[in-house]
Amino acid sequence: MRRAVMGPVAALILSGAVATAPALSQDEERPVVSEAPPADGPPAVPEPAELWVNGNAAYEAGDFGRAVALYREMREMGVDNGHLHYNLGNAYLRAGELGRSIASYRRALKLLPRDEDASANLTFARRSARDEIAPPEPPVLLRTVLFWHYSLAPVEVMRSAVLVGLGFWIVLAVRLYRPASEVLRWSAVCLLVIGLALAGSLVAHAAFSFPVAVVLPQEIDLHAAAGEGSVVRFRLHAGTEVRVIEQRPEWVRIELPSVPSVSETPGAVGDGQRGWSKREYLEIVE
C-alpha cells in the first residue's frame, strides 16, 4: 500500500530544544499571525514556534500556499532541520510544485537519513516526474559497504567521532596502569578503527559530496553553452534530478547520469549528456 503523503510531523527542534506542535482538531481554535501592526509600534515578528503551528494549521486546512509561505519564513529566520524540510516538501507537493517538493525531501533525508516517511514521500513524488532519468545516487554496493556513511547524518557522524575519540583516549589512559590487559588493548584497536571510519565519513561529506539540481518549470531547455542563443541540446521536465558540475551567477551546468532516457521530447537525451540551464529554473540541493 502506498504511503500517504499527507500529515506534517508534530515535533520541531528549535535552537536545541524540542518544540511540540500538537495536532489540531477541527473544533479547536487555530492560532493566526497578526495581520495588522500594533498601533504604537512596528509589526511584531512571529516566533519560529508560532510559524510552525500556523503552518501546520494551514496545511491541515488545505491552504497549502500559506503553509509553504510560513515554513519558508522559518527557513529565512535560520531554522534548518529535517522536520521542517519534510513538512515543506509535503506542502509543496500538495500545492503542485513537484520540483521544490523533491528538493525539500532530499534536504530532509540529508538531515534525517533513516526517516521512512521522508523516503517514502520522495519515492512517491519521483513517480510524478515525466523524465525517466534515474536520480544521481551512490551505487547500491557502495551504500551497503559504507553503511555508516550513508545511514548517519553529518552531525551524527561528528558526534560519534567525538565520542569514539574520547573513549579511545580513556582506554589508553587506563592502559598506563594495566599494560598487560588484552581487553584494553583490543578495545583501543577497535575504537581506533571505528574512529578512522568515522573520520573518513567526515572527509567524504565535506570533500566528495556533489550538489544536485532539481528542475522547477514544466519544461526547460538545456543549452550547449551558457547563453540563450546557444544550441539547445535536450529538454528536461519538472522534478528531474541531475548532477551539478559547474555553477555561475546566472547559469548552471548539469550532467545526466549514465542511464538512457526514454523521454519522447524533442532532442534525445543520452548517457552522460551535459548542458547549461539558467539558475532560476533549478533548485540546487547542496
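Which residues in helix 1 meet which residues in helix 2? The legends below take up this contact and then turn to other views of the structure.

**Overview. The protein chain has 9 helices and 9 strands.** This is a predicted model, in which local features need pLDDT of at least 70 and side-chain atom pairs count only at pLDDT 80 or more, while totals for chains, interfaces and linings use all residues. Residues are numbered from 1 along each chain as its sequence is written, and side-chain values use heavy atoms, with hydrogens and water left out. Helices (H or I, at least four residues) and strands (E, at least two) are DSSP runs, numbered from the N terminus. Of the 286 residues in the protein chain, 36% are buried, where buried means under 20% relative accessible area, exposed over 50%, and partly exposed in between (1.4 Å probe, protein chains only). Among the contacts in the protein chain with a separation of 6 or more, 62% join residues 24 or more positions apart, a contact being heavy atoms within 4.5 Å.

**View 1. Helix 1 (residues 48–60) and helix 2 (residues 64–76) have axes that come within 8 Å and cross at roughly 160°.** Axes are lines fitted to C-alpha atoms, for helices over the stretch in contact, and angles run from 0 to 180 degrees between N-to-C directions. Helix 1 and helix 2 are therefore roughly antiparallel to each other, since angles under 35 degrees count as roughly parallel, over 145 as roughly antiparallel, 65 to 115 as roughly perpendicular and the rest as oblique. From helix 1, the residues P48, L51, W52, N54, G55, N56, A58 and Y59 meet F64, R66, A67, L70, Y71, E73 and M74 in helix 2. The residues of this contact divide into 10 nonpolar, 3 polar and 2 charged, where Ala, Val, Leu, Ile, Met, Phe, Trp, Tyr, Cys and Pro count as nonpolar, Asp, Glu, Lys and Arg as charged, and the others, Gly among them, as polar.

**View 2. The structure holds 4 aromatic pairs, and two of them are described here.** The rings of Y59 and F64 have centres 5.3 Å apart and planes at 70°, so this pair is edge-to-face. Rings of Phe, Tyr and Trp (its six-membered ring) pair if their centres lie within 6.5 Å, and planes under 30 degrees apart count as stacked, over 60 as edge-to-face and the rest as tilted. Y59 is buried at 2% relative accessibility, and F64 is buried with a relative accessible area of 14%. The rings of Y86 and Y105, with centres 6.3 Å apart and planes at 50°, form a tilted pair. This pair links distant parts of the chain, for Y86 lies in helix 3 (residues 82–94) and Y105 in helix 4, 19 residues apart. Both Y86 and Y105 are buried.

**View 3. Helix 4 (residues 98–111) and helix 5 (residues 116–126) have axes that come within 9 Å and cross at roughly 155°.** That angle makes helix 4 roughly antiparallel to helix 5. In helix 4, L98, S101, I102, Y105, R106, A108 and L109 meet A118, S119, N121, L122, A125 and R126 in helix 5. By class, this contact has 8 nonpolar, 3 polar and 2 charged residues.

**View 4. A213 is found in strand 3 (residues 212–215).** At 0% relative accessibility, A213 counts as buried. Not counting residues up to four places away in sequence, A213 touches T240, E241, V242, V244, I254, L282, E283 and I284. A213 and E286 are 73 residues apart in sequence, yet 8.6 Å apart in space, C-alpha to C-alpha.
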